[in-house]
Amino acid sequence: MNDVTMSGSAARDWLAGKGYPFTDTVEFHRSAGEFDGGGQFGVEIPAVNSMRDLEIMVKLLNEHGVRVTRFNETLGSFLLSDAELTDMFALCRENDHGIVVSLGPRPEYDTKSAFYRTGFGLEMGRQINNSDGIRACVAEALRLAALGCRGITVYDIGVLRVLAELRSDGLLPADLVFKTSSHCMPTNPFLARIFAENGADSITLAHDLGLPMIQEIRRLNPELPMDVPTDVYRTKGGFIRFYELAEIVQIAAPVMLKMGASVQEHPYDPPSEARTVERVRRVARGLEMLDRHLPDKTAISRRSRQYAIPAAASD
């Protein structure tokens, strides 16, 4: 390529001078990062949206000897009663699992966000357009924390900033983890930095990012934990990248691997027990591939905040 004139040379020179990425043709380098408490990677199973789903999932994981870090509820916290959330948190504590609960209500449920549900409105993501919605999210965060929740998925960067301020003021627990949803679309290192600067403890990357971009997000955000979807729902593309798990752990650590979604059509579909069996089998298969190609990997420590193990409910 030395005798080829590259386009955008001025842009390339400026970006390179700043230490910013300017091409996807990169060499890969092992990340030295770890979770607080130690460990390169964890495993999260998404869309575990009810006590029934959680009971089946925990039972099958125990029966098959598959160890995962945490679960992710995705429908929205306000759809779950105090009693059901309390039971879910207790079951996770008893089995040494964490759980991250998604904040709601969100625009898909909001009476003041009808525009969101149009073709044009969907392009704005799940950003809230009214103060009543922001108040509801704050109320939900306070309720979740009181019930013992120690992990919340946030969909709106404005809400994220408000929750971070509540945590700084001591109204939310210091060990409560905020992670951004993939619907926030952190697709490059600069967006990732914006979320981190506004209170994100971890970010879920957009689903289809290649290894070069994942590495650059890590390089420019060396301490920010990342969740990387490794197989996705059919409505989101249905791809499976288990053949890249070893590379992802090496270049992206500390990283949470989101696994088991590809057996479902849509994240809001209630899974049957047979479908849950297949989800567990698929997680086990991915971990088998990771074991084969990266035997020296280290798993997240239970001491890490990112584990998000629920606490006992407060009075």
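This note walks through a predicted model, point by point.

1. Basis of the model. Residues are numbered from 1 along each chain as its sequence is written. Because the model is predicted, local features need pLDDT of at least 70 and side-chain atom pairs count only at pLDDT 80 or more, while totals for chains, interfaces and linings use all residues, and side-chain values use heavy atoms, with hydrogens and water left out.

2. Overall form. The secondary structure comes to 9 helices and 8 strands, where helices (H or I, at least four residues) and strands (E, at least two) are DSSP runs numbered from the N terminus. The C-alpha trace spans about 70 × 45 × 40 Å along its principal axes. A compact globule of 315 residues would have a radius of gyration near 20 Å, and the protein, with 20 Å, agrees with that; the radius is taken over C-alpha atoms, and the globule rule is 2.2 Å times the number of residues to the power 0.38.

3. Of the 315 residues in the protein, 55% are buried, where buried means under 20% relative accessible area, exposed over 50%, and partly exposed in between (1.4 Å probe, protein chains only). Among contacts with a separation of 6 or more, 74% are between residues 24 or more positions apart, a contact being heavy atoms within 4.5 Å.

4. Two cis peptide bonds. Most residues other than glycine have a negative phi, and most peptide bonds are trans. The bond from glycine 104 to proline 105 is cis, with omega near 5°, and proline 105 sits in the loop between β3 (98–102) and α4 (131–147). Another cis bond joins alanine 253 and proline 254, with omega about 5°; proline 254 is in the loop that runs between α8 (245–252) and β8 (255–258).

5. Two residues with positive phi. Alanine 47, although not a glycine, has a positive phi of about 55°, and this alanine lies in the loop between β1 (41–46) and α2 (51–64). Methionine 185, also a residue other than glycine, has a positive phi near 55° and is found in the loop between β5 (177–180) and α6 (189–197). Alanine 47 counts as buried because its relative accessibility is 1%, whereas methionine 185, with a relative accessible area of 40%, is partly exposed.

6. Asparagine 72. This residue is in strand β2 (residues 70–73) and, with a relative accessible area of 5%, is buried. Leaving aside neighbours within four places in sequence, asparagine 72 is in contact with Glu44, Ile45, Pro46, Ala47, Val48, Asn49, Val100, Thr153, Lys179 and Lys258; one of these, Ala47, is the buried alanine of the previous point.

7. Isoleucine 203. Strand β6 (residues 202–204) holds isoleucine 203, which counts as buried at 0% relative accessibility. Not counting residues up to four places away in sequence, isoleucine 203 touches Thr180, Pro186, Ala192, Phe195, Ile217, Leu224, Pro225, Met226 and Asp227. The C-alpha atoms of isoleucine 203 and proline 186 are separated by 7.5 Å, although the two residues are 17 residues apart along the chain.

8. Helices α3 and α4. How do α3 and α4 pack, and at what angle? Helix α3 (residues 82–94) and α4 pack at an angle of about 45°, with their axes 10 Å apart; axes are lines fitted to C-alpha atoms, for helices over the stretch in contact, and angles run from 0 to 180 degrees between N-to-C directions. That angle makes α3 oblique to α4, since angles under 35 degrees count as roughly parallel, over 145 as roughly antiparallel, 65 to 115 as roughly perpendicular and the rest as oblique. The crossing is right-handed, meaning that the near helix is turned clockwise from the far one by less than a right angle, with anticlockwise giving left-handed. Asp82, Leu85, Thr86 and Phe89 in α3 meet Arg143, Leu144 and Leu147 in α4. The residues of this contact divide into 4 nonpolar, 1 polar and 2 charged, where Ala, Val, Leu, Ile, Met, Phe, Trp, Tyr, Cys and Pro count as nonpolar, Asp, Glu, Lys and Arg as charged, and the others, Gly among them, as polar.

9. Helices α4 and α5. Helix α4 and helix α5 (residues 157–168) pack at an angle of about 45°, with their axes 10 Å apart, which makes α4 oblique to α5, and their crossing is right-handed. Ile134, Cys137, Val138 and Ala141 of α4 make the contact with Val159, Val162, Leu163 and Leu166 of α5. By class, this contact of α4 with α5 has 8 nonpolar, no polar and no charged residues.
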